[in-house]
Structure formats: C-alpha cells, structure tokens
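These are my notebook entries on a structure that I had not looked at before. I set down what I looked up, topic by topic.

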Amino acid sequence: MSRQKNVLIVGGGIGGLSAAIALSQVGCEVLLIERDQQWSALGAGLTFNGATARAFKSLGVLERIIKAGYVHGTSRVCDRFGKVLVESNTEEVYGRDVPVMGGILRPVLHAIMKEAAIAAGIRYRTGLTVPHWSEEPDCIRAQFSDGSEGRFDFAIGADGLMSTTRQQIMPDASRPQFTGQGCWRAIAPRPAHVTTSELYFGTQYKSGINPVSQAEMYLFVLAAEPSNPWYEEADWPELLRAKLADFGGHIGTIRDHLGPHSRINYRPLETLLLPLPWHKGRVLLIGDAAHATTPHVGYGAGLAVEDGIVLAELMRDGVADLFTIFEQRRHARCTAVVNGSIALGQLEMEGAPVAHQRALSQQIYDVIKEPA
C-alpha cells in the first residue's frame with residue numbers, strides 16, 4: 001500500500017481551495033497556507049458556465065453554490081436599449097442536474113469553498129508565506145515566514161496572477177500582459193423579472209447583467225483602456241455612469257442609481273499563459289499562476305477548479321511522472337480558453353459584428369463542453 005502523500009498548497013483562493021478539497025478526496029494530507037491573515041476574498045460578482053458548475057459538482061459544493069447564488073439555463077443578447085435579439089435554449093450539455101449558467105458573489109463562493117475545505121479536515125495556516133524552498137532527493141522543504149519549516153512530497157503554487165511562487169521557482173518566466181481592456185463591475189438589486197443573463201451590444205462598450213442571488217445581480221462593462229490608466233476609487237461611480245450613458249433597459253436603470261454607496265470594482269484585464277513546463281522540481285503552478293484568462297467566457301475560475309480535480313484524478317490512478325502528465329492533459333484546453341478569450345476581447349475593441357463575436361464564443365464553448 002502506497003504511503004499517504006503530504007502536500008503543501010500556497011494560496012487560499014478558489015484554485016488553492018479546489019486543489020485542497022480534491023486532493024483530500026484521494027487521501028492526501030494537505031496543508032494550505034494563505035498570506036492574508038483574514039483569508040478574505042475581494043471582488044464583486046462571478047459568472048460561471050456549465051463546465052465550471054460541473055467541476056463544482058465534482059468537488060461536492062454545487063448544491064451550496066446553487067442555493068447561495070443564482071442559476072439558470074438561458075442567456076439573452078440584446079441591443080443597447082435592452083431589446084432581445086437572440087435567446088439561447090436550455091439544453092443540458094454539461095450533465096444531468098448541472099445548470100448551463102449561473103452567478104454568485106465572489107466572497108460568498110469563497111466562503112463556501114473555505115467551509116468545504118475545513119469540513120474535509122484540511123489543515124490551514126494564514127498570514128504565512130514561503131520565503132525559501134529547498135529541493136531534497138525525496139521531498140521539497142519549505143521554510144515559512146514565521147521561522148518554521150515543513151517537508152512535503154510536493155507543493156502547489158496556487159497564488160494567483162501575481163504569483164510569488166512563480167517568481168521564486170521561475171524567475172525568468174513571462175509576466176502578465178495587459179490586453180488593452182478594463183472590466184468594470186457593480187452589484188445592484190435584482191428585480192424579480194431578471195432571471196437570466198443579458199449581454200448588451202451597440203455602443204463602443206460591451207455590457208451585461210447576471211443574477212448572483214435571489215436579491216442581487218451584477219453588471220459588468222468591458223471597455224477599451226489602451227493606455228491602462230489608473231482610476232481613483234472615489235471616481236469610479238461617475239466614470240462608470242459615463243461609460244453606460246448610451247445604454248437603456250436594465251443597464252440604464254442600474255446606471256441611474258449608481259452613486260458613492262454603490263459596490264463597484266474595476267481592474268485592467270491581464271492574461272498569462274506559461275509555456276510548459278509549469279513545474280520545477282517538486283513545485284507545480286496551477287490556476288492563474290500558470291494560465292490566467294479574461295472573464296469573456298466565464299471560465300477563469302473553472303480552469304482553476306479543474307486543475308485541482310485533474311491532478312487528484314491522476315494521483316488516484318497512480319500515474320507516474322505526475323506533473324508532466326498533468327501539464328500535457330491541461331495545456332491544450334487552457335491555451336484554447338486563454339487565447340480565445342484574448343481574441344474575443346480584440347474583436348470587441350475593434351467593434352467587430354456581434355455575429356463574429358458570438359461565433360468565436362461558441363468555438364471556445366465547444367472546447368470546454370468536453371470533459372476536462
């Protein structure tokens with residue numbers, strides 16, 4: 001009988017938590033560390049598609065996400081005034097009882113994942129980093145920022161787009177690249193008749209809404225920001241109102257109620273796709289630390305969740321050369337999503353016809369409909 005593997009996960013976000021849960025399900029002993037003492041989550045709403053929901057189901061958290069968030073089976077494409085141009089169908093393409101689309105507040109999702117990890121018995125420590133790694137013949141030794149250390153069979157860097165782990169083990173690796181777009185998000189009350197996601201076209205910006213709970217929905221705007229400017233947070237409400245000036249429908253209603261009280265988030269869109277390998281020695285990068293995508297197809301979280309699930313499946317099956325097989329299985333899928341999303345953003349900035357944008361979106365969805 002093989003010895004239980006001892007695994008260190010650096011990063012307590014969705015990717016790290018997913019890997020922790022999945023690895024614990026196949027018998028690994030996991031220690032998860034998070035630099036944030038409060039282990040909190042930032043951000044507004046998160047849209048997830050059916051492939052992400054399928055991954056959540058594999059982890060055993062989908063039911064809680066459905067209860068706390070909002071799921072549905074349709075999406076609408078509208079003109080800038082909110083007139084519906086196209087409405088998708090409700091075909092189940094991701095498996096039985098798996099919703100086609102949904103939304104949830106990021107802090108709520110984080111809390112669900114955290115609770116699931118703790119319930120699974122995963123050890124965790126917050127306010128901790130790894131300043132130094134030491135490779136040994138049979139283990140990786142991590143020296144922690146509090147002066148303690150640990151020996152592990154392998155370690156996972158799931159510490160996001162600006163991964164410190166990546167900088168440590170691959171100091172010459174490429175850095176995140178700005179795409180030329182920024183993403184604005186805002187949370188608003190959900191009227192009872194808003195029961196699906198809506199995309200609005202017809203201005204220089206692409207906007208949309210998606211329910212994230214029984215009471216709330218979130219709005220997003222994708223805008224060209226070629227000079228990647230810095231915006232003061234106090235200015236966000238007026239800046240967002242200006243970008244929404246030409247919209248009607250639900251978008252216009254949200255715009256008219258934006259003010260200093262509004263929950264608004266802005267970030268420039270940056271991507272990263274490391275060439276293989278994504279590991280060095282006994283340390284493997286997953287999620288945004290290796291392949292960060294834009295939010296265009298609602299699959300950034302999905303890719304990160306899948307990483308943990310696939311790694312655990314390979315461990316369960318006793319695959320030799322674990323990291324290399326993992327990377328070979330994940331690289332093409334992650335590449336298709338990252339590069340496809342970048343290309344979709346480019347079409348938006350060029351003002352390409354809606355039909356061309358939808359065709360590219362469908363190509364990406366055809367990839368992710370297939371099991372990971």
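Which residue is the bridge partner of tryptophan 133 in E10? I found that the partner is alanine 142.

**Basis of the entries.** I am working with a predicted model, in which local features need pLDDT of at least 70 and side-chain atom pairs count only at pLDDT 80 or more, while totals for chains, interfaces and linings use all residues. Residues are numbered from 1 along each chain as its sequence is written, and side-chain values use heavy atoms, with hydrogens and water left out.

**The sheet around E10.** I noted that strands E9 and E10 (residues 139-143) run antiparallel and are joined by five bridges. Strands (E, at least two residues) and helices (H or I, at least four) are DSSP runs, numbered from the N terminus. Two strands count as paired if DSSP finds at least two bridges between them. The open sheet has three strands in the order E9-E10-E11, with antiparallel pairing. Its edge strands are E9 (132-136) and E11 (149-152), each of which pairs on one side only.

**Nonpolar cores.** I then looked up the largest nonpolar core and found 80 residues in it. Such a core is a set of buried Ala, Val, Leu, Ile, Met, Phe, Trp, Tyr and Cys residues joined through side-chain atoms within 4.5 Å; buried means under 20% relative accessible area with a 1.4 Å probe, protein chains only. Leu8, Ile9, Leu23, Trp133 and Ile156 have the most contacts inside this core. Helix H8 (residues 300-316) gives the most to it, with nine residues. A second, separate core has 22 residues, including Cys78, Ala186, Leu240 and Ile264.

For isoleucine 156, I left aside neighbours within four places in sequence and listed contacts (heavy atoms within 4.5 Å). Among them are Val7, Leu8, Ile9, Leu23, Leu284 and Leu311.

**Strand E15.** Why is E15 (residues 206-211) largely enclosed by the rest of the structure? Six of its six residues are buried, so the strand is largely enclosed. Lys206, Gly208 and Asn210 point one way, whereas Ser207, Ile209 and Pro211 point the other way.

I next followed the pairing of E15. Strand E14 (residues 197-200) runs antiparallel to E15, joined by three bridges, and leucine 199 stands opposite glycine 208. The two strands form a hairpin with five residues between them, and glycine 202 in the turn has a positive phi of about 120°. With strand E16 (residues 216-224), E15 pairs in the antiparallel sense over six bridges. Here asparagine 210 stands opposite tyrosine 218, and a hairpin joins E15 to E16 through four residues.

Note on methods:
Buried < 20%, exposed > 50% of the residue type's maximum accessible area, 1.4 Å probe, protein only.
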